[in-house]
Amino acid sequence: MNPNSFVNLTNQYMSSTDFDPCQRAWIEINSSAIEANTQLIKEFVGPKCSLMAVVKADGYGHGAETVARAALLGGANYLGVATLKEGIDLRKAGLKCPILILGNLVSKNELKASLLWGLTVTLSSIREALICQDIAEDCKKNFNVHIKVDTGMSRLGCDLQDALSFCTEIESLDNIHLEGVYSHLASADSDFDSKGDSVTSSQKNKFDTLINSLSSKNDSLCFHLANSAGTLCNNSLHYNMVRVGLALYGQNPLPKAKSDLALEPAMSVKARVSLLRTVPKGTGVSYGHKFKTNRESRLAVVGIGYADGVSRALSGKISVMYNGKLIPQIGSITMDQLVLDITDYSDLKVGKIVTLLGKDGSNSVDAQLWSEMIGSIPWEILCSFKNRLPRVVV
Ligand SMILES: *Cc1c(COP(=O)(O)O)cnc(C)c1O
């Protein structure tokens, strides 16, 4: 076949309904919800505090570019990513705002690519700082960096007692511009009270001591400490910038009593019914027959499964929403399908759309609820949806 006729064939195929993203199962992203959440958070932190929208892991599964654009419209000043590739992808998509890579880059190639793509890097040790200086000098450019200091997370960051000398060393490097100093909270979603001796207040105290010793020498440094939980629980944790992920997506990591900001979940997960069956009383359903019908039952098969990101651990625990009703899922969730018991819901037909996560009338199911069912956290639920599910921006 000559290549041109192949192109024609492909076009024909693409223009048919075969590629409708809403054919089987998909994710709807409400970008105005992300914009509105960003605005709310921005108002909450006030005009003096910058807002970094954390869009790592493909924008917590929502699509990094979609989220980045919505968050910038809502007033975000900076973007945060975890990896070099995530940063480059945003640059390739045409985003020109400052982007900080929160992960630790170690190789000369990675660091050089960061410089050339105009990405700000996080440094936790002098080893990488010296590599950055070499690269920047070679390229006759300046390297924008933030230093990370460990105040109690025991993950990335230099030791607290080395932080001052680390900063001083970095500031002596000609081609390095030290823009910010930051740390990361370990327990802000559960333990902060402004007086007490919580992990968070101990981290805050350490960070304050560091700031006092640094800001006398450099009053233009950007200090930042808070994730979503830190941002929402206490404004003493805001400093010059907050790094917000989860809350942008409409999930509040704090209990309602501690923060009642009206955040709106931005992600809905939907799928279509692909087959209806009637089975007799006593029929085992799905792998392992974990569910047996206790009456003649009407079953609906829905084309979404754990390979799409609906955890098998949710089997028999969730309900889907349809026409204002909650319909129970039964038996084991399989790789590509799950089964509903629709005996009491006769209006559900083949091709109809059910909502797994999201809102339907007065019902809503969010990542928090799913996470509680399986001992997970909402962050993990949002990030678990696979690329097999098309993302549709609404
Ligand atoms: C992921 C991440 C955040 C955002 O955390 P949320 O709890 O989702 O707001 C902030 N800072 C760093 C360093 C991160 O890695």
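Predicted model: local features only at pLDDT ≥ 70, side-chain atom pairs only at ≥ 80, totals over all residues.
Start with the whole chain. It has 394 residues, and 50% of them count as buried. Along the principal axes, the C-alpha atoms fill a box of roughly 75 × 65 × 35 Å. The secondary structure comes to twelve helices and 19 strands. On contact order: take the contacts between residues at least 6 apart in sequence, and 66% of those join residues at least 24 apart.

Now the domains. The domain assignment puts domain 1 at 31–249 and domain 2 at 267–393. Their C-alpha centres are 38 Å apart.

Next, the interface. On the domain 1 side, nine residues are in contact with domain 2, and seven residues of domain 2 are in contact with domain 1. The area buried between the two is about 800 Å², with carbon and sulfur atoms giving 70% of that figure. Within domain 1, the residues that lose the most area to domain 2 are Tyr60, His62 and Leu246; together they account for 54% of what that side buries.

Back to the polar terms. As for composition, the side of domain 1 that touches domain 2 divides into four nonpolar residues, four polar and one charged.

That is what I have on this model.

Notes. Residues numbered from 1 in each chain as written. Heavy atoms only, no water. Domains from an automatic or database assignment. Contact = heavy atoms within 4.5 Å. Buried area = accessible area lost by both parts, 1.4 Å probe. Nonpolar A, V, L, I, M, F, W, Y, C, P; charged D, E, K, R; others polar. Helix = DSSP H or I, 4+ residues; strand = E, 2+ residues; numbered from the N terminus. Buried < 20%, exposed > 50% of the residue type's maximum accessible area, 1.4 Å probe, protein only.
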